[in-house]
Amino acid sequence: MDDGDRSGFGGSARDGRSPADGPPIERIESVFAVYEVRREDDQLVYYGDPLTHPERVMRELWPAFNDRGYDLEFERRHGEYVLVAGPSTRGIDGIPWTNVILLLATIASTLFVGSWWWYPALDPFGNPIDLLHAWPFSLAILGVLMVHEMGHYVMSRYHRVDASLPYFIPIPTLIGTMGAVIRMKGRMPDRKALFDIGVAGPLAGLVATVVVSVIGLHLPPVTVDPSLLQNPDAVRIELGYPPLLELLAAAFDQPLYRDDPTTGVNPVVIGAWVGMFVTFLNLIPVGQLDGGHILRAMTGEFHDTVAALVPGALFVLAGYLYYVQEYTVNAVSVWLIWGLLTTVFASAGAATPIRDDRLGTGRTVLGVVTFGLGLLCFMPVPVMVVG
């Protein structure tokens with residue numbers, strides 16, 4: 001880069017910002033001896049030598065840059081140590097078209113799949129307008145997923161961590177979607193932020209799930225003509241019910257129609273079932289899953305030991321169900337898939353906060369309670385295809 005691209009500590013740049021917008025140079029040089037400062041587009045780049053371990057440099061300087069609207073990274077460039085400060089973005093810049101399009105596509109896919117949960121009362125192929133009558137199912141699914149993800153988003157904004165709005169994944173599975181995710185683009189300042197962002201999604205989602213459960217349990221069940229079940233080509237989908245749904249059904253004295261193949265719960269209950277299953281999967285304590293964030297915040301690096309055991313535990317569960325309980329492969333395949341996924345998540349590692357101080361007792365207790373609620377959402381055999 002030539003001299004025309006450089007600026008001094010008080011120099012100006014095309015966007016009106018300058019290195020003077022960063023922390024005082026004296027603050028930086030308490031842990032990082034600066035010998036040159038450059039502006040590269042909208043970034044402030046400090047070349048120098050660390051006076052302590054790079055992790056401590058980040059711990060000391062990240063809050064100072066963050067307070068001034070910058071995200072900070074520590075890098076090596078051509079053998080030189082570099083601090084790179086780029087402006088952080090924590091708001092929504094314009095219309096998030098990708099999020100909107102994916103949401104609309106997921107509405108369509110959940111309406112299509114939802115109509116089949118009311119079959120034969122609704123027939124999307126024979127009468128496409130029937131798709132619109134499946135709106136309670138679509139609303140239930142999208143509602144619990146949206147509340148879950150917005151729990152993460154709101155807490156990210158609270159802790160000034162850059163995060164995207166939810167991205168829904170429209171795939172015509174049994175529920176019409178593969179869920180939703182938000183993309184974390186900012187660094188975690190400390191364990192409190194890591195814990196709060198991780199725990200907010202499951203807890204918010206569970207509140208929405210309980211509301212959807214109570215509503216769905218009071219709605220009319222779906223009935224099927226017994227003659228359809230006598231068709232040798234008929235396929236029936238059986239869902240396992242988690243303890244939380246069983247408890248809610250018992251508390252409100254509503255049936256789950258477990259022993260009647262011609263009658264099933266209202267599809268809105270399936271939306272609640274999705275919320276519970278998603279909660280359990282997200283609370284698996286490994287990597288970048290919500291449970292991984294919570295456990296990392298609670299236990300520090302001990303999380304890595306637990307995460308290494310999780311894939312094996314899931315494979316053992318699948319083997320037990322298949323060989324001992326004699327379930328079919330399709331009934332246990334979900335744990336084989338998640339065994340592979342958690343292997344990948346564990347190898348990627350957990351998020352590392354800038355400041356790694358211990359959590360307080362209150363958050364630790366809340367974390368234990370959250371994992372307990374996750375266990376109430378566990379089903380040994382979530383889905384089984386019969387026929």
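Partly exposed here means a relative accessible area between the buried limit of under 20% and the exposed limit of over 50%. Keep that in mind for the first view of this predicted model.

**View 1. A nonpolar patch sits on the surface.** Five residues make it up: Tyr 320, Tyr 322, Tyr 323, Val 324 and Val 329, which together have about 540 Å² of accessible area. Helix 10 (residues 302-324) supplies the largest share, four residues. Val 329 belongs to helix 11 (residues 329-348).

**View 2. The largest nonpolar core brings together 56 residues.** Among those with the most contacts inside this core are Leu 256, Trp 273, Phe 277 and Trp 338. Several helices give two or more residues to the core, including helix 3 (97-117), helix 5 (191-217) and helix 11. Helix 8 gives the most, with ten residues.

**View 3. Here's a look at Leu 256 and what it touches.** Not counting residues up to four places away in sequence, Leu 256 touches Leu 217, Tyr 241, Leu 245, Glu 246, Ala 249 and Val 265.

**View 4. Arg 296 is a buried residue in helix 9 (residues 290-299).** Its relative accessibility is 5%, which is under the 20% cut-off, so Arg 296 counts as buried. The side chains of Arg 296 and Asp 356 are joined by a polar contact of 3.0 Å. Leaving aside neighbours within four places in sequence, Arg 296 is also in contact with residues including Arg 191, Glu 301, His 303 and Pro 353.

Terms used:
Residues numbered from 1 in each chain as written. Predicted model: local features only at pLDDT ≥ 70, side-chain atom pairs only at ≥ 80, totals over all residues. Heavy atoms only, no water. Patch = residues over 30% accessible without salt bridge, like charges linked within 9 Å, V, L, I, M, F, W, Y side chains within 5 Å. Areas by Shrake-Rupley, 256 points an atom, 1.4 Å probe, with all protein chains shown as cover. Salt bridge = Lys/Arg side-chain N within 4 Å of Asp/Glu carboxyl O. Core = buried A, V, L, I, M, F, W, Y, C linked by side-chain atoms within 4.5 Å. Buried < 20%, exposed > 50% of the residue type's maximum accessible area, 1.4 Å probe, protein only. Contact = heavy atoms within 4.5 Å. Polar contact = N/O pair within 3.5 Å; in protein donor to acceptor, adjacent residues only side chain to side chain.
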